[in-house]
Amino acid sequence: MARKLLLEHINVPGINTFDVYRSKGGYAAVEKALKTLTPDEVVEEVKKSGLRGRGGAGFPTGMKWSFLAKPEGVARYLVCNADESEPGTFKDRYLMTYLPHLLIEGMIVASFALGAKTSYIYVRGEMMPQIRILEKAIAEAKAKGFLGKNILGTGYDLELYVQPGGGAYICGEETALLESLEGKRGNPRIKPPFPAIAGLYGCPTVVNNVESIAAVVPIINEGGDEYAKLGIGRSTGTKLISAGGNLRKPGVYEIDLGLPVEEFLYSDEYCGGIANGKRLKAVVAGGSSVPILPANLFLKTINNEPRLMSYESLADGGFVSGTMMGSGGFIAYDEDQCIVRNTWNFARFYHHESCGQCSPCREGTGWMEKVLHRLEYGHGKMSDMDLLVDVSKKIEGNTICPLGDAAAWPVASAIRHFRDEFEWHVTNPSAAVSGNFGIAHYADPLPKLEEAAS
Amino acid sequence: MLSVQDTNTPVTFSPELLSKFADVVSRYPEGKQKSALLPILHLVQAEYGWTSVPAMDKVAEFLSIQPIEVYEVASFYTMYFLKPQGKYMLEVCRTGPCEIVGATPIMEHIEKTLGVKEGDVTPDGLFSWRGVECLAACGFGPVLQIGPEYTFYENLTTDSVDKLIGDLKGKANN
């Protein structure tokens with residue numbers, strides 16, 4: 001069984017309280033960083049670890065930190081992005097619910113590294129229970145001298161606050177998040193300037209995902225080099241995967257990057273296979289915005305090599321036959337699921353969540369939703385598939401923020417890999433309304449469970 | 001407690017509420033009190049059940065910003081209700097991962113049980129329901145949440161929804 005760096009103590013009763021967390025070695029990273037390392041040394045450890053941003057983009061965290069401008073006399077901020085809203089992703093909610101002190105410990109170390117005196121955790125508004133958990137944990141940490149003035153007598157001061165959002169997916173985009181934190185609509189800003197130069201209140205700011213911040217704790221405890229030994233190639237360390245959909249054992253799993261997808265999907269240590277003994281039809285590997293893959297292409301790359309849970313292997317084949325690691329929102333679809341309906345559902349999501357600033361996204365997402373709706377409900381035309389691809393191409397790359405791309409990719413990939421299912425909806429409208437295209441040739445190459453047993 | 005207001009009724013915030021506002025404002029640097037807007041609107045909604053125009057005007061006054069700056073925020077974010085809702089607003093996740101494990105039948109069941117369409121309020125003022133986008137609990141779907149505490153209910157079945165609605169009715173009548 002692989003070692004857990006983040007979730008090691010998740011099942012310890014009372015681990016959400018300061019005392020139990022501390023008794024399990026918690027806050028050792030704060031002591032080590034503040035008492036024995038300089039801020040630059042902390043940044044160096046994170047660089048050495050090879051940690052890549054866990055929110056979806058996969059940009060190296062240490063490099064992001066080293067871009068932070070440090071003009072004299074200007075405040076710097078660390079903002080934790082806990083606006084987890086990508087369909088398929090629920091690891092940050094899990095982490096904040098059960099291990100709030102891990103996030104707080106990471107925030108203290110990261111704030112120290114960046115020289116921030118005030119840091120914010122921006123939590124999506126719907127997660128009020130998690131906000132209450134974090135506020136309680138912050139009060140505990142403060143009472144024990146790990147937050148506030150002169151932390152552990154080192155002379156370092158830090159105030160940490162929790163900020164609720166208002167229910168908008170777009171606020172997971174870092175500049176929209178900063179706008180929201182300033183009390184405005186969540187409209188993404190045009191970059192440059194990047195937040196590292198002009199972020200919150202125009203000051204240099206780093207925005208990091210919950211899991212990235214939490215990963216700083218084991219990196220400091222064990223050293224960046226040790227962390228980098230885990231994983232494979234440029235995908236170092238461990239990653240939380242939110243596994244949902246038609247799985248026998250959905251949930252949040254911590255994996256060593258590089259785990260074969262087949263093992264993740266079918267072994268009892270992880271997802272335990274497909275629910276109800278059904279067969280796998282398709283997988284969305286990294287949250288709704290990454291390309292959907294049919295089961296056969298997901299389990300093996302186009303070169304017939306086993307696919308691994310790593311940034312590189314999931315992206316093998318580019319968008320033609322690969323996908324992306326994204327935020328680790330893993331959704332499995334069984335043989336009874338309709339790809340057209342799912343694509344329509346995601347298109348509706350992106351239309352609903354578009355902030356409306358850029359016309360390609362504002363108009364294009366609504367257009368795609370309408371066309372997909374008519375396909376799903378038996379009023380589609382054969383020309384609709386080309387129309388959808390055309391609209392998606394005109395959104396992609398033509399917007400201020402990546403929401404446009406995120407809306408375009410699932411539609412384009414569904415048509416790329418499941419075009420015959422879309423065509424079947426046009427040629428068999430009444431059957432498409434009442435029934436399902438089935439698994440067809442997308443099936444995973446593995447035998448059914450009962451066949452495997454015999 | 002839900003107090004349904006006429007939109008023309010003026011609002012006066014209680015001293016307790018105002019002290020909560022002041023506590024929120026203290027989290028930001030001087031002159032950046034507008035950052036408190038989203039948290040304060042949540043506090044207003046928890047108190048009154050929705051964010052009315054007179055309440056938003058008072059918030060603007062408190063934060064020394066223009067009323068339009070409050071309206072544009074309240075109308076952008078989906079969590080703020082711009083009209084009165086039932087005391088219990090059942091918000092069911094309708095996005096992909098919940099949909100493939102049965103969110104639509106749950107919403108149809110809620111509509112039938114409560115006898116009101118999405119967004120409407122039951123005649124007794126107790127319930128409203130609506131479909132919302134991903135609530136980040138995709139492994140435990142279908143899920144719903146109920147404000148203002150945003151209590152979470154996972155792995156819903158029609159039976160568990162019936163029980164939940166029954167429990168809430170019992171709670172409201174006591």
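Tyr27(A) sits in the loop between helix H1 (18-23) and helix H2 (28-36) of chain A. The model is predicted. Phi of Tyr27(A) is near 70°, a positive value in a residue other than glycine. Tyr27(A) counts as buried because 21 other C-beta atoms lie within 10 Å, and the cut-off for buried is 20 or more.

- Most residues other than glycine have a negative phi, and most peptide bonds are trans.
- Leu152(A) is not a glycine, yet its phi is positive, about 50°.
- Leu152(A) belongs to the loop between helix H7 (128-143) and strand E3 (159-164) of chain A.
- The peptide bond from Pro192(A) to Pro193(A) is cis, and its omega is near 5°.
- Pro193(A) is found in the loop between H8 and E4 of chain A.
- Gly141(B) and Pro142(B) are also joined by a cis peptide bond, with omega about -10°.
- Pro142(B) lies between strand E2 (127-132) and strand E3 (144-146) of chain B, in the loop.

**Asn187(A)**

- Asn187(A) is placed in the loop between helix H8 (174-181) and strand E4 (205-209) of chain A.
- With 19 other C-beta atoms within 10 Å, Asn187(A) is partly exposed. The reason is the cut-off: buried takes 20 or more.
- Leaving out residues up to four places away in sequence, Asn187(A) touches Ala176(A), Glu179(A), Cys355(A) and Gln357(A).
- Phe319(A) is 132 residues from Asn187(A) along the chain, and their C-alpha atoms are separated by 28 Å.

**Helix H16 of chain A**

- H16(A) covers residues 359-376, which is 18 residues.
- Buried residues of H16(A) are Cys361(A), Gly364(A), Thr365(A), Met368(A), Glu369(A), Val371(A), Leu372(A), Leu375(A) and Glu376(A).
- An α-helix has 3.6 residues a turn, so residues three or four places apart point the same way.
- Which helices do the buried residues of H16(A) pack against? They pack against helix H15 (339-353), helix H17 (384-395) and helix H18 (403-427) of chain A.
- Gly378(A) follows H16(A) and has a positive phi, near 80°.

**Domains of chain A**

- Chain A divides into domain 1 (18-229), domain 2 (242-334) and domain 3 (339-442).
- The centres of domain 2 and domain 3 of chain A, taken over C-alpha atoms, are separated by 22 Å.
- In chain A, 14 residues of domain 2 are in contact with 12 residues of domain 3.
- On the domain 2 side, strand E10 (280-284), strand E11 (292-294) and helix H12 (295-299) of chain A each supply at least two residues.
- E11(A) gives the most to that side, with 3 residues.
- The residues of that side divide into 9 nonpolar, 3 polar and 2 charged.

**Contact of chain A with chain B**

- The contact takes 46 residues from chain A and 34 residues from chain B.
- Helix H2 (37-48), helix H4 (67-76) and helix H5 (96-99) of chain B each supply at least two residues of the chain B side.
- H2(B) gives the most to that side, with 4 residues.
- The chain B side has 19 nonpolar, 8 polar and 7 charged residues.

Definitions and conventions
Residues are numbered from 1 along each chain as its sequence is written. Chains are lettered from A and ligands numbered from 1 in the order in which they are written. This is a predicted model: local features need pLDDT of at least 70, side-chain atom pairs count only at pLDDT 80 or more; totals for chains, interfaces and linings use all residues. The expected span of a helix is 1.5 Å times one less than its number of residues. A residue is buried if 20 or more other C-beta atoms lie within 10 Å of its own, exposed if 12 or fewer, and partly exposed in between; C-beta atoms are placed from the backbone. Two residues are in contact if their C-beta atoms, placed from the backbone, lie within 7 Å. Domain bounds come from an automatic or database domain assignment. Ala, Val, Leu, Ile, Met, Phe, Trp, Tyr, Cys and Pro count as nonpolar, Asp, Glu, Lys and Arg as charged, and the others, Gly among them, as polar.
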